[in-house]
Amino acid sequence: STWRVQCVEGKCVDYCPTWEEKGLWFLSNDSPTIMKEVAQSIETREQKYLSPIEAFKVCDVACRGKTGNVPANDVTKAFVDTNLCRCGNTTKALTNITLSDFSSAHDMMTTCGDSKVFKSLRILSINDTQPICCPPIDEEKLQKGKQWKRLYSVGGPKLEGSYFAHIHMGCGSLDECQDVAREKGAEIAAFDIISSYCHLARNVFELDNLFSVTKDNTRRYILDLRNPEKP
């Protein structure tokens with residue numbers, strides 16, 4: 001996934017860190033003028049943040065300034081010229097997807113296979129107009145590695161500990177999580193590739209049985225820093 005998740009007002013919200021860094025995702029008094037104009041034009045209701053649906057709409061509008069005889073507009077300059085949008089074909093990936101569908105995708109009772117959002121995004125093509133978020137993480141390559149191991153997988157690590165820090169990494173990934181874990185003296189680090197949180201723990205112990213505390217554990221990878229392997 002190239003999107004990240006953040007907790008806003010008790011809800012899990014999908015967002016683009018690259019947009020948020022420029023003040024173009026969460027609306028506030030300090031937001032750039034273009035963000036306020038965009039929020040009004042796409043009718044964000046009482047929301048103080050964009051949704052993925054609206055981000056696709058923004059990119060669609062912005063990319064029109066790059067095609068044919070349509071003059072470049074402020075939205076084009078803010079989102080395309082700064083590499084926040086990739087221009088291509090108008091996507092059908094999010095047709096009939098609502099804001100509640102995105103919220104339910106993070107519900108504990110929703111399985112990924114049954115989620116309308118995940119099913120819809122599977123048909124998204126790299127040639128479609130879309131927001132540019134974080135670099136994708138190659139899970140297939142990751143699972144073949146020797147250091148980070150998928151948490152609670154069959155034959156995988158069964159480690160737990162006393163967690164003392166939960167650090168949001170934005171578009172940062174495994175390398176950045178490992179660096180901050182070593183810096184803070186953690187014995188294990190667990191990285192969630194969906195929320196982009198780096199969880200750090202000490203006083204490590206091994207579980208007797210495999211179990212998942214939450215469904216998100218299937219998307220977490222763990223690194224044992226107590227006896228690092230030699231390169």
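Me: Is D179 buried or exposed?
Reply: D179 counts as exposed, because its relative accessibility is 51% and the cut-off for exposed is over 50%. Keep in mind that this is a predicted model.

Me: Where does D179 lie?
Reply: D179 belongs to helix α8, which covers residues 174–183.

Me: Which residues gather with D179 in a patch?
Reply: D175, E176 and E183 gather with D179 on the surface. The patch they make is one of negative charge.

Me: OK, salt bridges. How many does the structure hold?
Reply: The structure holds two salt bridges. R220 pairs with D192 in one of them, and their closest N and O atoms are 3.2 Å apart.

Me: Which parts does that pair tie together?
Reply: R220 lies in strand β9 (residues 220–224) and D192 lies in strand β7 (residues 188–192), so the bridge ties together parts that are 28 residues apart in sequence.

Me: And D192, buried or exposed?
Reply: D192 is buried, with a relative accessible area of 3%.

Me: Which side chains meet in a salt bridge at 2.9 Å, N to O?
Reply: Those of R226 and D224.

Me: What relative accessible area does R226 have, and what about D224?
Reply: R226 has 38% and is partly exposed. D224 has 30% and is also partly exposed.

Me: Why can side chains like that pair at all?
Reply: Opposite charges can pair when the charged atoms of the side chains come close.

Me: Which residues in α3 are buried?
Reply: The buried residues in α3 are P52, I53, E54, A55, F56, V58, C59, A62 and C63.

Me: Take F56 from that list. How far apart are F56 and D128?
Reply: In space they are 9.9 Å apart, C-alpha to C-alpha, while in sequence D128 and F56 are 72 residues apart.

Me: Where is D128, and is D128 buried or exposed?
Reply: D128 sits in the loop between α6 (116–121) and β4 (130–131). D128 is buried, with a relative accessible area of 9%.

Me: Another pair: how far apart are K158 and D208?
Reply: K158 and D208 are 50 residues apart in sequence and 7.8 Å apart in space, C-alpha to C-alpha.

Me: Where does K158 lie?
Reply: K158 is in the loop between β5 (149–150) and β6 (159–168). K158 is partly exposed, at a relative accessible area of 24%.

Me: Now the backbone. What is the phi of N83?
Reply: Phi of N83 is positive, about 65°, although N83 is not a glycine.

Me: Where does N83 lie, and is N83 buried or exposed?
Reply: N83 lies in the loop between α4 (74–79) and β3 (85–86). N83 is exposed, with a relative accessible area of 57%.

Me: What about phi of N203?
Reply: N203 is a residue other than glycine with a positive phi, near 50°.

Me: Where is the place of N203?
Reply: N203 is in strand β8, which covers residues 197–206. With a relative accessible area of 54%, N203 is exposed.

Note on methods. Residues are numbered from 1 along each chain as its sequence is written. This is a predicted model: local features need pLDDT of at least 70, side-chain atom pairs count only at pLDDT 80 or more; totals for chains, interfaces and linings use all residues. Side-chain values use heavy atoms; hydrogens and water are left out. Buried means under 20% relative accessible area, exposed over 50%, partly exposed in between (1.4 Å probe, protein chains only). Helices (H or I, at least four residues) and strands (E, at least two) are DSSP runs, numbered from the N terminus. Patches are made of residues with over 30% relative accessible area and no salt bridge: like charges are joined within 9 Å, nonpolar side chains (Val, Leu, Ile, Met, Phe, Trp, Tyr) within 5 Å. Accessible areas come from the Shrake-Rupley method with a 1.4 Å probe; for residues, only the protein chains shown count as cover. A salt bridge is a side-chain nitrogen of Lys or Arg within 4 Å of a carboxyl oxygen of Asp or Glu. Lys and Arg count as positive and Asp and Glu as negative; His and the chain ends are not counted. The place of a charge is taken as NZ of Lys, CZ of Arg, CG of Asp or CD of Glu.
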